[in-house]
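Here are my notes for someone opening this one for the first time. Have a look at the picture, then go through the points in order.

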Amino acid sequence: MIWSRINSGRALFISATLLGAGLSSAPNAFAAASCEDLRFVMLPDTVVNTTERIAAGSFMPPGARNALDIPALCRVAGTISPAIQFEVWLPEGTNWNGRFQAVGGGGLAGIISYPAMAEAVRS
């Protein structure tokens, strides 16, 4: 699970909520809840804007110049009020070790580091 641009307390809360929605670290993690179902997860001051399955291969992140090589995943993007943007990438399949890894620009850089997220999700 990969996060960017969220304070750590809110990130852990959202992470626990998504895992509680059925996306556990079990090998068949998507059996309990589908990627699309995460669009309807209700979180305080949070709007989930996008939930989509991304096939393994080439992925062009929003605003990027270069495509990234990624495994199959569930991409969840949203906004925490008033304007904190976040993304969660949940690897699909049995290869996910269930670990949480946060990546980002650090401090107040204000970016979602897609190359770092791609590297982390591949690992």
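1. Start with the disulfide (a pair of cysteine sulfur atoms within 2.5 Å). The torsion about the S-S bond of Cys 35 and Cys 74 is about 80°, so this disulfide is right-handed. Its two ends sit 39 residues apart: Cys 35 is in the loop between helix H1 (8–20) and strand S2 (46–54), and Cys 74 belongs to strand S5 (residues 73–80). The S to S distance is 2.0 Å, and the structure holds 1 disulfide. Both cysteines are buried, where buried means under 20% relative accessible area, exposed over 50%, and partly exposed in between (1.4 Å probe, protein chains only).

2. A word on what you're looking at. This is a predicted model, where local features need pLDDT of at least 70, side-chain atom pairs count only at pLDDT 80 or more, and totals for chains, interfaces and linings use all residues. Residues are numbered from 1 along each chain as its sequence is written, and side-chain values use heavy atoms, leaving out hydrogens and water.

3. Now the overall layout. The protein chain has 2 helices and 7 strands, in the order β-α-β-β-β-β-β-β-α from the N terminus. Helices (H or I, at least four residues) and strands (E, at least two) are DSSP runs, numbered from the N terminus. Of its 123 residues, 40% count as buried.

4. Go back to S5 and follow it into S6. These two form a hairpin with 3 residues between them. They run antiparallel, joined by 8 bridges; strands pair if DSSP finds at least two bridges between them. Val 76, for one, has Val 88 in S6 as its bridge partner. Strand S6 (residues 84–91) is mostly covered, with 6 of its 8 residues buried.

5. Glu 87 lies in S6 and Arg 75 in S5, so the pair ties together parts 12 residues apart in sequence. Glu 87 is buried at 2% relative accessibility, and Arg 75 is buried too, at 8%. A salt bridge here is a side-chain nitrogen of Lys or Arg within 4 Å of a carboxyl oxygen of Asp or Glu, and the count comes to 4.

6. Another one is Arg 53 with Glu 92 (2.3 Å, N to O). Arg 53 lies in S2 and Glu 92 in the loop between S6 and strand S7 (101–102), so parts 39 residues apart in sequence are tied together. Arg 53 is partly exposed at 40%, as is Glu 92 at 23%.
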